[in-house]
Each structure stands twice: as C-alpha cells, then as structure tokens.
Amino acid sequence: MATQRTLSIIKPDAVAKNVIGQIYTRFENAGLKIIASRMAQLSRAEAEGFYAVHRERPFFKDLVDFMVSGPVVIQVLEGEGAILKNRDLMGATDPKKAEKGTIRADFADSIDANAVHGSDAEETAKVEIAYFFPALNVYSR
Ligand code: DGI
C-alpha cells in the first residue's frame, strides 16, 4: 500500500475533554506521522466551507454550531494507507455504532459531538489538506 496523507481534526468536544495527547498517541502507535499540526478556533465561514458537501443536509447548522463551539486541533497524518488507517482508528460516525477501542467509542458522546474528523478518500484528503494548510507547511521525514 502506498504512502498517503490525510486530514484529521480533533473536534471541540475532544479538546474540551483534554484528550489531545491520547489521540495523538493512537496515531503514533498506528505508525501515522503527524507532519503538520495547529490549534485553531474556526470561524463559521471556515466551518461552513469545510463541510460544504453537507450544506443541504438537515444536520448542517448543528454541525457548524458544534465545530465553532471551541478550539480544534488540525493535523495532517502521513503513512502507509493513512486514509483508511485513520478511519479505522476513528470508528463509525455514530459512536454508538463504533467498534470497541476506536477513538469515537472511547471519547465521543454522540453523532454530533463525535471527537474526530478524518478524510474519507484520496481526493477529499487533498482538498481538505489544502483547505487548512494552504502554504503546504508540512514537515515530512
Ligand atoms: O466522515 P464522518 O465524520 O464519519 O461522517 P460524515 O462525513 O458523513 O459527516 C460529517 C459530520 O456530520 C459527522 O462527523 C457528524 C455529522 N453527521 C453526519 N451524519 C449525521 C451527522 N449529524 C447528525 N446529527 N445526524 C446525522 O445523520
């Protein structure tokens, strides 16, 4: 499997729970390198732009409200099959359906406050990485 990059976000609920380090440890233990990282308070415009594909969905306003409710930590993860590997670490969107031992099973409270975001395909990963790290200020090693 080829080396890939994926965009990951630790959402406001997980930042508020003080589990940034525990989530980073899971990435590292799975062989994913954190090659870019920053904490940010998203504006509504940034959150709406990021989730633009969901604009017409009934949960869009709640999703944006939640994403701007506190700081997030945004990172680019790099590694073999990073996109799927990160999705496996995250678990299902609804934490009630997430497999035991996944980030969402362990740290998320609801489908709204579900701890993490991860790109779901190579094309979206490219777009999402450029969205938050436009200067390509990543540090591969
Ligand atoms: O890639 P995911 O985050 O697992 O899921 P997604 O891209 O389908 O949806 C993005 C976010 O939107 C998800 O993390 C939480 C929210 N969401 C998705 N489906 C629902 C939802 N929120 C509510 N309330 N209800 C949904 O059915």
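## The ligand and its neighbours

Let's start at the ligand: one of its oxygen atoms sits 2.6 Å from a polar side-chain atom of Thr93. Polar contacts like this are pairs of N or O atoms within 3.5 Å; within protein, one must be able to donate a hydrogen and the other to accept it, and residues adjacent in sequence count only if both atoms are side-chain atoms. Lys11 has a side-chain N or O atom 3.0 Å from a ligand oxygen, and for Arg104 that distance is 3.1 Å. Taken alone, the ligand exposes 530 Å², and the protein buries 77% of that. These areas come from the Shrake-Rupley method with a 1.4 Å probe; for residues, only the protein chains shown count as cover.

Residues around the ligand (those with a heavy atom within 4 Å of it) include Tyr51, His54, Phe59 and Asn114.

## What kind of model this is

This is a predicted model, where local features need pLDDT of at least 70, side-chain atom pairs count only at pLDDT 80 or more, and totals for chains, interfaces and linings use all residues. Residues are numbered from 1 along each chain as its sequence is written, and side-chain values use heavy atoms, with hydrogens and water left out.

## His117

An unreviewed UniProt entry puts the annotation "active site" on His117. UniProt positions are given in the numbering used here, feature names are shortened, and such annotations may be inferred rather than shown by experiment. You'll find His117 in strand β4, residues 116-118. Helices (H or I, at least four residues) and strands (E, at least two) are DSSP runs, numbered from the N terminus.

Is His117 buried or exposed? His117 counts as buried because its relative accessibility is 10%; buried means under 20% relative accessible area, exposed over 50%, and partly exposed in between (1.4 Å probe, protein chains only). Leaving out residues up to four places away in sequence, His117 touches Lys11, Tyr51, Asn86, Met90 and Glu128, among others. Contact here means heavy atoms within 4.5 Å.

## Helix α5, side by side

Helix α5 spans residues 82-90, and Ala82, Ile83, Asn86 and Met90 are buried in it. They cover an arc of only 100 degrees around the axis, so they are on the same side of α5; that arc is of the directions from the helix axis to the C-beta atoms. Over on the other side of α5, Leu84 and Asp88 are exposed.

Elements covering the buried residues of α5 include β1, α2, β3, α6, β4 and α7. After α5 comes Gly91, with a positive phi near 85 degrees.
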